[in-house]
Amino acid sequence: MSDVAIVGVGCVGFKSIMPELSYKELMFEAAVKAYEDAGGIDPRKDVDAFVTCAEDYWEGFSIFDEFVPDQLGAVLGHLFTVSGDGLLGLANAYMLIKTGHFDVVVVEAHSKASDILTFYDIVAFALDPIMVRPLGGNPYYIAGMEMHRYLAETGTTLEQCAEVVVKNKRNALANPYAAYGADITVDQVLDSETWFYPLKKLEVSPLSDGCIVMVLASERMAKKLTDKPVWVEGVGWATETPNLETRDWCRAIYTEIAADMAYKDAGITCPQREIDFVELSDLFAYKELQHLEALRLCRYGEAGMLLEDGVTTRDGDLPVNVSGGCLGMGYALEASGMQRLLEAVLQLRGEAEGRQIPDAEVGLAHTWRGIPTATGAVAVLSNIKE
Amino acid sequence: MSLEKITDPRRMRHWLGHMETDYRYTLGIAGERFLNEIKENARIMGARCKRCGVIYVPPKMYCEECFEKLEEWIDLGTRGEVYTYTIAYVDMDGNRLAEPVIYALITFGDAYGGLIHKLGEVKPEEVWIGMPVEAVFKPPQERKGSITDIKYFKPAQ
Ligand SMILES: [Zn+2]
């Protein structure tokens with residue numbers, strides 16, 4: 001089976017609102033950049049398959065997959081849409097290439113969240129219609145409930161959660177693709193409005209608009225298209241359970257299972273030693289800590305201390321969310337995982353400019369599909385060919 | 001990209017759309033019996049797996065572990081315990097609620113799962129994880145076979 005490399009990336013955004021571009025133009029602009037970056041490929045003849053990632057309700061369309069080929073240069077081509085995060089799109093593209101039948105596959109995910117006028121209503125529509133939805137209210141209360149139990153069980157503190165926001169928003173200042181960079185203090189986070197006790201307003205990632213397109217290639221084609229391939233060493237994904245009542249409210253089980261799958265695929269036996277940096281879902285500040293533990297990069301309940309010790313800052317031993325994460329780049333719906341992946345690719349190519357991690361060789365990108373899901377995905381990437 | 005500087009996004013051309021979607025969600029055998037017990041008898045029921053012994057609440061038709069059909073129903077009483085809770089201060093649009101709403105996951109003894117519901121007759125600062133609570137039902141004539149036939153859970157005496 002061929003190894004699989006990311007050979008081109010294109011990003012437009014991320015901004016709190018991009019009213020000048022339609023979602024199709026957003027995709028077009030990101031695609032043009034990605035094709036140029038992949039050695040100037042022509043999507044009309046050089047791409048074997050396209051995978052887009054979108055959810056009908058985010059888009060305001062029924063059967064949205066019919067609306068994606070033209071802006072990617074994929075008309076008359078082989079295309080399908082994954083109703084999930086961009087990292088699931090990556091996993092699909094990776095598998096297509098692994099079959100040996102496809103050499104060049106394009107993955108796309110975007111967010112035009114600013115077009116959604118009733119965001120929380122759509123999230124509420126994802127709750128069980130019989131047991132949970134009739135209770136009403138803003139569905140992000142589920143994050144407040146989970147954070148509360150997680151803190152109670154692990155002893156993680158409110159200050160540690162607030163520190164995640166401070167770190168990631170500061171990291172975002174050095175990322176031109178980030179919408180919400182800021183230099184703030186722990187006290188400012190703790191003094192921000194309580195939304196869902198103990199969850200504060202500033203601990204919730206604000207929405208952003210943008211699009212990311214990536215070009216993946218088999219080893220044979222990768223060598224022709226780029227001199228800086230980033231190898232996809234392993235992918236994993238998992239869903240715990242859709243039932244709020246029976247899921248684990250402390251541990252991110254879906255991430256543990258997804259990580260184990262990706263580590264096995266990548267041949268990683270000691271993630272703490274083998275992974276140089278991490279991009280993960282910090283949709284809510286406490287989720288960064290919970291996910292770091294689930295990725296087995298520290299023990300359960302110890303991520304807060306790791307953060308306090310400076311291990312996860314940009315110049316620490318295990319930098320986490322140097323991009324700014326979702327808190328800094330903005331929550332980009334199904335493009336969230338692609339944000340994490342983009343940063344991993346740029347770091348591994350040595351193109352992360354002012355936020356470059358020196359000597360980075362192995363990076364991890366992780367995503368979570370947000371409230372009310374228990375679904376996550378993981379990709380392990382490297383700039384060294386095994 | 002746009003050729004002119006944009007100073008007011010509301011002046012960008014757009015089209016307002018509205019998706020009206022109405023559904024009739026089927027309760028199913030387990031859901032119907034569960035809600036009917038609440039409506040008729042003010043009882044919270046669980047369903048027990050005869051293979052692994054796990055009691056599901058809310059009850060299901062099948063065990064997610066063994067894939068066994070669940071046919072044994074067990075009365076769990078009306079008392080439970082707060083497993084976790086949150087105090088919601090904002091509404092669907094992110095605006096401040098006039099009165100905060102307390103949401104909790106209530107567990108019932110050894111049963112697997114629980115109920116997501118609201119807490120009432122208690123001040124937010126008086127709630128704690130592990131607090132014993134009991135269901136407050138609407139009067140029989142107002143009950144419709146909905147999870148909201150339970151008005152809320154209140155601190156147990
Ligand atoms: Zn069973």
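Good morning. In this predicted model, helix H11 of chain A gives the most to the lining of the second largest cavity, with three residues. Helices here are DSSP runs (H or I, at least four residues), numbered from the N terminus. A cavity is a set of points, on a 1 Å grid over the protein atoms alone, where a 1.4 Å probe fits but cannot get out, and lining residues have an atom within 4 Å of a point.

A word on conventions. Residues are numbered from 1 along each chain as its sequence is written, and chains are lettered from A in the order in which they are written. Because the model is predicted, local features need pLDDT of at least 70 and side-chain atom pairs count only at pLDDT 80 or more, whereas totals for chains, interfaces and linings use all residues; side-chain values use heavy atoms, without hydrogens and water.

To return to the second largest cavity, its volume is about 40 Å³, a volume being the space filled by probe spheres set on the points, which are joined across faces, edges and corners. Its lining includes A:Arg251, A:Glu256 and A:Tyr300.

How many cavities of 30 Å³ or more does the structure hold? There are three. Of its 15 lining residues, A:Glu146, A:Arg247, A:Lys287, A:Trp368 and A:Thr373 lie nearest its centre. The elements that give two or more residues to this lining are H5 and helix H11 (285-294) of chain A.

Two of these residues meet again: the charged end of A:Lys287 sits over the ring of A:Trp368, 4.2 Å from its centre. The criterion is NZ of Lys or CZ of Arg within 6 Å of the ring centre and within 35 degrees of the ring normal.

Over all chains, a search finds 20 aromatic pairs. Rings of Phe, Tyr and Trp (its six-membered ring) pair if their centres lie within 6.5 Å; planes under 30 degrees apart count as stacked, over 60 as edge-to-face and the rest as tilted. The pair of A:Phe125 and B:Tyr23 is tilted, because the planes stand at 50 degrees, with the centres 6.0 Å apart. This pair crosses between chains.

Key
On a 1 Å grid over the protein atoms alone, a cavity is a set of points where a 1.4 Å probe fits but cannot get out, and a pocket is an open set with protein on both sides within 12 Å along at least five of seven lines; lining residues have an atom within 4 Å of a point.
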